[in-house]
Amino acid sequence: MEIQHLTDKSFSQYGRVIDGFDLADLMKGMETTPLPDDVIYVPSEAELEELPVAKEFKNRLYGGLPIQIGYCNGNNHKLNAVEYHRSSEVNVAVSDMILLLGRQQDITQNFTYDTSKIEAFLVPAGTAIEVYATTLHYAPCNANDTGFRCVVVLPKETNEEITFSLKKEGEDKLMTAKNKWLIAHKEAAIEGAFNGLIGENISL
């Protein structure tokens, strides 16, 4: 699969590069976060949320709405699933990483998605990006042998446990957490997920 760059025109449908924020303390704070052999996701990390840049993210990127700052770290080489939110997600690459991205508009009426439509983008260390709400994404993939660390900024309570009832039909059957709609590949064997990815479980 071709690994594209954020400066390529093709990225503009998925997100944008964010400039004008001092990320030094955020990058430093991420140095001590876990880097497992698989993937760990922590929705909210108090030490990161107490940094001055957190207030700037809240006010300038989310219009003053409550946010959470967490991280997704580890080692990954497969697509496995795609997810989307009703809001943009901000990522800060602490190390080089690759994102596999698609478009929500390409999900069929039966909630399947053809993985041949996925595109790959290298996100260099120190780069902040906005991933649009209509962009399908999941855990980053390794850009090298040392794994990845990625800051994840989202509206507060996103990806937390669902505390309300759902009928498990229509789009509701894709919801696996608050503000999280997910379509999995059967090879990933994600418990409770709807297996609607058609085609190859992309591997890098």
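**Reading the terms of a predicted model**

Student: Why is Phe121 called buried?

Tutor: Phe121 has a relative accessible area of 0%. Buried means under 20%, exposed means over 50%, and partly exposed lies in between, with a 1.4 Å probe and protein chains only, so Phe121 counts as buried. This is a predicted model, in which local features need pLDDT of at least 70 and side-chain atom pairs count only at pLDDT 80 or more, while totals for chains, interfaces and linings use all residues. Residues are numbered from 1 along each chain as its sequence is written, and side-chain values use heavy atoms, with hydrogens and water left out.

Student: How many aromatic pairs does the structure hold?

Tutor: There are four aromatic pairs. Phe, Tyr and Trp rings (for Trp, the six-membered ring) pair if their centres lie within 6.5 Å; planes under 30 degrees apart count as stacked, over 60 as edge-to-face and the rest as tilted.

Student: What makes the pair of Tyr14 and Phe121 edge-to-face?

Tutor: The ring centres of Tyr14 and Phe121 are 5.7 Å apart, and the angle between their planes is 65°, which makes the pair edge-to-face. Tyr14 belongs to the loop between strand E1 (3-5) and strand E2 (15-18), and Phe121 to strand E9 (residues 119-123), so the pair ties together parts 107 residues apart in sequence. Strands (E, at least two residues) and helices (H or I, at least four) are DSSP runs numbered from the N terminus. Tyr14 is buried at 3% relative accessibility. Phe11, Tyr14 and Phe121 form one aromatic cluster.

Student: How do you know that Tyr14 counts as buried?

Tutor: Its relative accessibility is 3%, and Tyr14 is therefore buried.

Student: Why is the pair of Tyr84 and Trp181 called stacked?

Tutor: Their ring centres are 5.8 Å apart and their planes stand at 10°, so the pair is stacked. Tyr84 in strand E5 (residues 81-84) and Trp181 in strand E15 (residues 180-184) are 97 residues apart, and the pair links these distant parts of the chain. Tyr84 and Trp181 are buried.

Student: Where does the charged end of Arg86 sit?

Tutor: The charged end of Arg86 sits over the ring of Trp181, 4.1 Å from its centre. A charge sits over a ring if NZ of Lys or CZ of Arg is within 6 Å of the ring centre and within 35 degrees of the ring normal. Arg60 likewise lies over the face of Phe21, at 4.0 Å from the ring centre.

Student: What is the place of Lys180, and is this residue buried or exposed?

Tutor: Lys180 lies in strand E15 and is buried, as its relative accessible area is 16%. Its side chain makes a polar contact with the side chain of Glu83 at 3.4 Å.

Student: How do you know that Ala189 counts as exposed?

Tutor: Ala189 has a relative accessibility of 63%, and therefore counts as exposed. Ala189 lies in the loop between E15 and strand E16 (194-195).

Student: What is the phi of Glu157, which is not a glycine?

Tutor: Phi of Glu157 is positive, about 80°. Most residues other than glycine have a negative phi. Glu157 lies in the loop between E13 and strand E14 (175-177). At a relative accessible area of 39%, Glu157 is partly exposed. Ala189, also not a glycine, has a positive phi near 50°.

Definitions and conventions. Polar contact = N/O pair within 3.5 Å; in protein donor to acceptor, adjacent residues only side chain to side chain.
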